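Here is a short note on a few side-chain contacts. Please read it with the structure open.

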Amino acid sequence: MSNRYLRLIIALIVVIAAGIAIFLPTPGPDLADDATTACVAAADRDSGIRVTLVTVWNGTPEFLPAGIGVSNTCIRPVHTFDDSSYVYVVGEKSYTVGDFFDVWPDSPATRPNASVENVSLNGQRYEDNYRDIVLQDEDRIVVAFGDRTPQ
């Protein structure tokens, strides 16, 4: 093969690659790690960790609803399957309690006048922002909310 043909083939490959690059969507902010928008690959659904998360409203424990972060077309990296209060976390990224509450739009945190009364992590009182607790395998987290304003 002569140098002329080789240069022509290389030039053609460069033009084709440039054309493909022009028509590919431009990546925006990295949403692949966002718990509210990312979907878990089917192959990854059997791996991950399990965390017990209990919410309390005005002193009464509430089970997490089944299907948080689950739809017909997508399973979020943080989700529930049933009302056992287990949160499942799938993927390489670390997720927080705040990420889970972002995926759960009807959480007690969104109720009118809701305030955090207390939080415990593995049986110990947690004083910092509960939303920053990183979900780790076999953790037990309790977040107590309330609105005890007299009616």
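The points below cover the disulfide, the aromatic pairs and the charges over rings in this predicted model.

1. Disulfide. A search of the whole structure turns up one disulfide. Cys39 and Cys74 form it, with their sulfur atoms 2.0 Å apart. The torsion about the S-S bond is about -115°, so the disulfide is left-handed.

2. What it links. The pair joins distant parts of the chain, 35 residues apart. Cys39 lies in the loop between helix H1 (3-23) and strand E1 (49-57). Cys74 lies in the loop between strand E2 (60-62) and strand E3 (78-79). Cys39 is partly exposed, at 47% relative accessible area. Cys74 is buried, at 7%.

3. Aromatic pairs. The count is eight aromatic pairs. One of them is Phe101 with Trp104, which is stacked: 5.8 Å centre to centre, 20° between the planes. Phe101 is buried, with a relative accessible area of 4%. Trp104 is buried too, with 8%.

4. Phe101 sits in helix H2 (residues 97-103) and Phe145 in strand E7 (residues 140-146), 44 residues apart. Phe145 is buried, as is Phe101.

5. Cluster. Phe101, Trp104 and Phe145 belong to one aromatic cluster that also includes Phe100 and Tyr130.

6. Charges over rings. The charged end of Arg50 sits over the ring of Tyr86, 3.8 Å from its centre. The charged end of Arg111 sits over the ring of Trp57, 4.8 Å from its centre.

Terms used. Residues numbered from 1 in each chain as written. Predicted model: local features only at pLDDT ≥ 70, side-chain atom pairs only at ≥ 80, totals over all residues. Heavy atoms only, no water. Disulfide = S-S within 2.5 Å. Helix = DSSP H or I, 4+ residues; strand = E, 2+ residues; numbered from the N terminus. Buried < 20%, exposed > 50% of the residue type's maximum accessible area, 1.4 Å probe, protein only. Phe/Tyr/Trp six-rings, centres within 6.5 Å; stacked < 30°, edge-to-face > 60°. Lys NZ or Arg CZ within 6 Å of the ring centre and 35° of its normal.
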